[in-house]
Amino acid sequence: MHFTTMILSSSLLTVFLILTLPILGTLNPNPTKSQWAKENVKTAVKTAFFVSLIPLFIFINEGLEVIMTNWEWMNTLMFNINISLKFDLYSVVFTPVALYVTWSILEFASWYMHNDPNMNRFFKYLLIFLIAMIILVTANNMFQLFIGWEGVGIMSFLLIGWWSGRADANTAALQAVAYNRVGDIGLILAMAWMAVNLNSWEMQQLFSLTASHDLTLPLLGLVLAATGKSAQFGLHPWLPSAMEGPTPVSALLHSSTMVVAGIFLLVRLSPMMENNPLVLSICLCLGALTTVFTATCALTQNDIKKIIAFSTSSQLGLMMVTIGLNQPYLAFLHICTHAFFKAMLFLCSGSIIHSLNDEQDIGKMGGLHQLLPLTSSCLTIGSLALTGTPFLAGFFSKDAIIEALSTSYLNAWALVLTLLATSFTAIYSLRVVFFVSMGHPRFNSLSPINENNPSVMNPLKRLAWGSILAGLLITTNITPMKPLVMTMPLTLKLAALTVTITGLLTALELASLTSQQFKTKPLPTTHHFSNMLGYFPSVIHRLIPKANLVLGQLVANQTIDQTWLEKTGPKMMTSINLPLISSTSNLQQGVIKTYFLMFFFTMILAILTLV
Amino acid sequence: MLMVLAPTMMLLPMIWLCSSAHLWTSALAHSMAIALISLSWLCLPMEAGWSSLNTFVATDPLSTPLLVLTCWLLPLMILASQNHMAKEPINRQRTYISLLVSLQIFLVLAFGATEMIMFYIMFEATLIPTLIIITRWGNQTERLNAGIYFLFYTLAGSLPLLVALLLLQNSTGSLSFLTTQFFPPLQLHTEASKFWWAGCLLAFLVKMPLYGAHLWLPKAHVEAPIAGSMVLAAVLLKLGGYGMMRIIIILDPLTKQLSYPFIILALWGVVMTGSICLRQTDLKSLIAYSSVSHMGLVAAGILIQTPWGLTGALILMIAHGLTSSALFCLANTNYERTHSRTMLLARGLQMILPLLATWWFLFTLANLALPPLPNLMGELMIITSLFNWSNWTLLLTGAGTLITASYSLHMFLTTQRGPVTSPVVAIEPTHTREHLLMVLHLLPLLLLVLKPTLIWGWTL
């Protein structure tokens with residue numbers, strides 16, 4: 001085996017090993033020490049990050065990609081499932097990013113959750129979650145990918161429902177799994193189709209065999225899967241609800257790892273999609289709709305975590321748009337840059353929430369720039385990176401996406417919606433910064449404000465550096481797989497910036513209007529639409545479960561099982577036999593004289609006729 | 001085969017002769033030893049078809065997993081019943097264990113039988129101990145009704161089977177499983193042959209149970225004591241699937257069209273019984289209905305008759321056997337503490353019995369088919385083979401997986417999460433015995449992940 005290949009694959013396997021060791025350690029029956037989380041889990045992730053840099057450097061230096069098949073897991077007639085790992089551009093770049101972000105989040109969580117009696121278990125869940133995500137990213141066949149896919153889903157159930165005494169947390173956890181299961185139907189559909197028509201789940205074989213098939217049906221399944229996991233329009237409500245979990249969970253699951261799994265699936269399987277214009281346009285329109293809808297919802301939220309959650313959803317929509325443009329590399333780039341600043345925004349909100357005694361309403365914050373200088377600076381950096389301010393992380397991916405969109409000839413409607421969403425990004429980002437760090441404090445005067453803890457400052461600083469530099473580092477070091485359009489009119493080149501600045505100015509104007517009363521009363525219709533999340537949950541969450549529950553109770557259980565099946569089966573046996581039984585038993589009245597008399601007369605009659 | 005059968009029969013004298021102090025331990029040790037011996041069947045060469053052949057019994061790749069499951073379950077049943085039998089007089093305890101042992105003898109003979117009539121007799125013979133277990137050791141008066149339903153549904157289904165088998169004997173001259181595939185093609189053109197087809201399958205479909213003939217199952221499960229529920233869910237239902245796989249080979253030309261309504265009914269049952277589970281208030285009834293739902297998938301997989309369908313059905317049968325049996329055990333641990341099966345009365349148990357909550361969670365995951373557990377492999381293979389038959393079945397199977405996930409997690413959330421309800425504040429802690437019971441259910445499931453080919457049946 002070639003030397004560098006060996007180093008690359010063995011160091012990635014080492015990453016798996018390092019991450020698994022702390023979990024195996026907890027099988028020890030003795031209770032874990034209270035410092036276990038910080039000492040073992042955080043160190044493991046940190047070490048794994050540094051180890052995972054080796055393959056990254058090798059990849060940057062030599063462009064080396066490896067596929068390794070370790071073990072033939074099961075095979076039946078002509079159908080093999082192997083344990084096979086794929087270390088290519090996507091997994092080699094994503095793994096260090098995920099580990100870096102998780103490292104920061106874990107360190108932050110050791111401060112945020114220090115009062116929790118089960119902190120060790122919490123860290124263990126986070127670690128298992130991370131491992132599932134890395135399994136998903138490195139999988140080279142669909143079955144392995146499915147393991148990671150379901151693994152992150154189930155771990156998100158546990159993590160969202162962490163505060164399990166609360167009904168809201170449990171509902172949100174169940175909601176997340178239910179919406180993800182709808183997506184899983186799509187993935188199962190795609191897998192079944194592949195097994196039937198291509199007779200393989202291995203990625204390379206899929207890519208080479210699909211040329212002669214009409215792929216619309218399985219691709220629609222994959223889009224459905226991505227819609228569920230990445231909270232695209234229609235299956236989006238679970239993502240904001242998932243904010244019921246602790247903030248580190250939101251940071252890890254719902255910003256940088258789990259929700260991008262859907263997009264990652266499409267990126268991974270993009271060679272299958274690129275020749276199918278129907279599915280690409282569906283992705284494009286779905287993404288555009290998601291990005292503008294969720295950005296609209298973000299405009300009027302007052303819960304700081306909900307705003308960030310909706311902005312995540314909006315960015316996921318943007319990634320979906322990129323998939324629809326047939327630019328999977330750009331979508332992947334946005335996944336990577338987005339991970340840094342979104343995780344940082346969540347950690348900032350966690351720090352603020354903790355400092356203000358679990359206050360999440362941005363209406364009750366304000367003036368934090370004086371009181372939490374580091375946190376609010378990071379919040380500002382994150383918001384700027386999110387809006388695509390030039391040369392921060394978000395700029396390199398977001399600007400490229402919008403350029404690719406505006407220079408393509410695909411769909412003006414999607415372009416308009418995406419640009420609208422981009423300007424909304426500036427508005428809600430400004431709103432967060434405006435309400436949280438500017439102005440005067442509007443919270444209780446006895447809040448335990450304190451960010452002077454290395455476990456808060458170090459992760460924030462690390463992620464802030466990431467938010468500033470990641471885009472530059474990735475774009476300068478890694479060659480895109482497709483040529484990008486480099487020449488375009490100045491107006492198109494500046495389109496993203498222009499709409500963002502327009503949005504920002506509008507928002508500033510609106511903010512200045514808040515203190516002046518021009519109308520006697522506000523016009524609430526648009527506000528209600530946005531604040532009620534487009535009335536989507538109130539309609540869908542009522543109708544569909546109710547229909548199903550009515551089906552279960554009234555139709556399936558009461559009408560069919562307890563009435564008709566009983567009536568036509570066992571009860572009918574009784575009712576048919578009952579007349580026979582009762583007439584037979586009615587005949588036997590115990591009147592023995594009459595019976596003998598009858599017997600006697602019959603006998604006489606018989607004898608007489610015989611004689 | 002005798003290596004397992006002879007010790008199993010010797011369990012009976014042991015139960016009646018050993019001292020009362022050692023009754024449970026020695027029965028457990030002995031039956032566990034038998035279970036370990038039975039594992040050696042998995043090492044037999046599978047490619048050759050039949051092995052450990054003698055005049056009446058043999059094993060093949062199809063029956064081996066089910067035989068091993070049967071043997072594995074007896075020690076688990078003994079372990080699970082120990083607590084609630086402790087208050088009974090010693091002779092009744094002996095009777096109870098003897099019934100469980102006799103059930104194992106019948107089941108081993110049924111799965112091992114190489115001849116259809118012997119299979120039929122053993123199939124029917126299992127009814128007797130099960131009936132006694134349900135009607136004698138059940139907890140409420142409704143157990144008598146449940147026993148009647150159990151007996152009459154099964155008997156009404158299996159009498160036609162006897163007639164059909166006799167007819168088959170008449171036309172082919174042999175009922176041996178060993179020669180099934182060498183039978184000359186049957187002349188099945190008349191209308192009556194369609195009834196014969198139905199007669200051959202009906203007994204097994206009722207036993208599975210197919211949606212529509214499933215009423216006996218929830219009743220029997222709810223009323224039976226824990227060992228009864230376990231063996232019913234884990235092994236007795238699988239008799240139906242096993243019999244169907246055996247006999248469907250000879251029904252070949254007819255099955256192609258005649259099975260359509262049954263496939264649709266089974267799939268429709270997956271959705272309907274799943275929806276019923278969403279509204280159940282009774283823990284055991286919920287698990288029982290979930291069994292009906294899973295077995296519907298198995299029935300569809302068998303009736304579709306592709307290699308993937310049959311393999312998936314066998315995998316799902318084994319995985320579901322372990323999972324549902326474990327869920328019944330968990331329900332029983334709750335029942336022994338709260339004396340109620342109503343879910344709403346025992347909530348928030350995670351706070352009180354944390355390790356038990358872990359077991360609940362793991363088996364909930366197994367029930368909703370989390371990869372890479374064998375449950376998922378089975379479901380995925382069945383769904384794929386159904387998809388191959390008709391793309392539209394995915395609507396039903398997909399809805400089925402969604403509903404399964406919903407009710408499984410609903411069950412988990414209701415019993416384990418949320419605030420603690422007042423009746424459960426002062427309950428006794430868990431025993432090592434109960435944890436051991438759970439581990440012994442989980443271990444095979446996890447080990448099968450590593451080598452699923454053991455339970456793949458014929459398609460090796």
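**Terms and values**

Modeller: A:Glu39 and A:Lys33 form a salt bridge, with their closest N and O atoms 3.9 Å apart. This is a predicted model, in which local features need pLDDT of at least 70, side-chain atom pairs count only at pLDDT 80 or more, and totals for chains, interfaces and linings use all residues. Residues are numbered from 1 along each chain as its sequence is written, chains are lettered from A and ligands numbered from 1 in the order in which they are written, and side-chain values use heavy atoms, with hydrogens and water left out.

Colleague: Why is the contact of A:Glu39 with A:Lys33 called a salt bridge?

Modeller: The term requires a side-chain nitrogen of Lys or Arg within 4 Å of a carboxyl oxygen of Asp or Glu. The closest N and O atoms of A:Lys33 and A:Glu39 are 3.9 Å apart, so the pair qualifies.

Colleague: What makes A:Lys33 exposed?

Modeller: Exposed means over 50% relative accessible area, buried under 20%, and partly exposed in between (1.4 Å probe, protein chains only). A:Lys33 has 57%, so it is exposed, whereas A:Glu39, at 41%, is partly exposed.

Colleague: What is the N to O distance in the salt bridge of A:Glu107 and A:Arg462?

Modeller: That distance is 2.4 Å. A:Glu107 lies in helix H3 and A:Arg462 in helix H20 of chain A, so the pair ties together parts 355 residues apart in sequence; helices (H or I, at least four residues) are DSSP runs, numbered from the N terminus. Both residues of this pair, A:Glu107 and A:Arg462, are buried.

Methods: Helices (H or I, at least four residues) and strands (E, at least two) are DSSP runs, numbered from the N terminus.
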